[in-house]
Amino acid sequence: MNHLLLLVHRIPFPPNKGDKVRSFNLLKYLAQHYQIHLGSFVDAQEDWQYVDKVKEYCHDSYFAGLNPKSARLKSLRGLFTGNALTLPYYFDAGLQQWVGEKLATDKITHAVVFSSAMAQYLPDETSLTRVADLVDVDSDKWAQYAKSKSWPLSWIYRREANRLLDFERHIALNYDATVLVNENEAALLQSLAPESAARITHANNGVDTDYFAPSKNFENPYQNDNPVLAFTGAMDYWPNVDAVEWFAYEVFKRLHAKNPRVSFFIVGSRPDPRVKRLAELPGVFVTGSVPDIRPYLAHATIAVAPLRIARGTQNKVLEAMSMAKLVIASSEAAQGVSAKASLEIVIAKNATEFLDEISAHLKSQERELIGCRARTRVIQDYSWNANLSRIGLALDPSLADQTKTDGDAASNDPRILRFPIRKPA
């Protein structure tokens, strides 16, 4: 097996939030084809317990601790160097030294960076075959943040959007392939970096449909059989905080006034103080971290995804669909999912539409039919192995034959780009 350097901005386990779900499945996929040398940050104290689990997939590894508070202070260096603040936030001298030693002493022929910040650890001039999985166009996310904040945060976020876009364009120009999480994200970066459009593609997220299956007999975690709306996600992530806060005040308060039997459960780890305060509202419950989100999805009446700021493909939407749940989502949350509106997913564009759609589907038998169609869509379009094979083929076109033997339709998909492997002159 060839040796591959994989650099990830957050330890890829446990797969309990969007980026970790993707990075863990990417690690598993690449470990089928390469000896993995993994460099990663650990930004939560409780995640150190998973280091040995991650090492099972690796030939070698290096884990750097990251304290978010001190990293935010460190990121301010970017104001003086002209760089995006994201880069000093995710810079660690020990990790940089380890990468240098790996490149100097090991027979590493390939490299994958997961998120733009990790590209700073690789030299521009190299014989490595390099692929960047940016997942989302993060610069555009910062631009969205800027629109929702007042000065001085609006200025800082706009600056970050511009500086990070410069770095994303640099990556796309210098890497053999740059991968985004769906066609919309890839098209956006192609429009922002037209000089590199031919080497920008996408690899959809996936879902373990055997794990997220409605057939399993989960114990009901709710207090009774009254209707439940469920939102799942990491509740210290600002777009999730914004989503549930907006939904609780603008939608659920009106719904609960008309139908006091309905509950809104916010299910996810590390709830922000703003999220915790929502539990003071009648009918709103904040669980904090739970050992398994599947019972909360299995026994929910409707899954809601009211995100107002969203990039890429929302795992929370795919997981609920895989559980055969009706998902009522904002346009932003649904934009990265290949589901047919009104048939496989319901889209609400504002508070009134959310209220109307929820009210209608709480008492509609069509709810279960839409959920069944949603699961079928996930099974058809969101196989991890099939989707990640696009990254495998970008690394090594010879993997096409091996992918065919796996029985994945993606290997025969004419939309999969075969990238020329570029070497420095």
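**Notebook: salt bridges**

The model I worked from is predicted. I kept one general point in mind: side chains of opposite charge can pair when their charged atoms come close.

**Entry: Asp 60 and Lys 102**

I looked up Asp 60 and found it in a salt bridge with Lys 102. Their closest N and O atoms are 2.5 Å apart. Next I checked where the two sit. Asp 60 belongs to strand β3, residues 60-65, and Lys 102 to helix α6, residues 93-105, so this pair ties together parts 42 residues apart in sequence. Asp 60 has 23% relative accessibility, so I noted it as partly exposed. Lys 102 has a relative accessible area of 10%; I wrote it down as buried because the cut-off is under 20%.

**Entry: Asp 292 and Arg 294**

I found a salt bridge between the side chains of Asp 292 and Arg 294, at 2.7 Å from N to O. Are these two buried or exposed? Both Asp 292 and Arg 294 are buried.

**Entry: Arg 377 and Glu 344**

I moved on to Arg 377 and Glu 344, whose side chains meet in a salt bridge at 3.1 Å, N to O. Arg 377 is in helix α16, residues 366-381. Glu 344 is in the loop between α14 (331-334) and β13 (346-347). I noted that the pair links distant parts of the chain, 33 residues apart. Arg 377 is buried at 14% relative accessible area, and Glu 344 is buried at 8%.

**Entry: a network**

Which residues do shared partners join into one network? I found Arg 10, Asp 19 and Asp 43, joined by salt bridges that share partners.

Note on methods: Residues numbered from 1 in each chain as written. Predicted model: local features only at pLDDT ≥ 70, side-chain atom pairs only at ≥ 80, totals over all residues. Heavy atoms only, no water. Salt bridge = Lys/Arg side-chain N within 4 Å of Asp/Glu carboxyl O. Helix = DSSP H or I, 4+ residues; strand = E, 2+ residues; numbered from the N terminus. Buried < 20%, exposed > 50% of the residue type's maximum accessible area, 1.4 Å probe, protein only.
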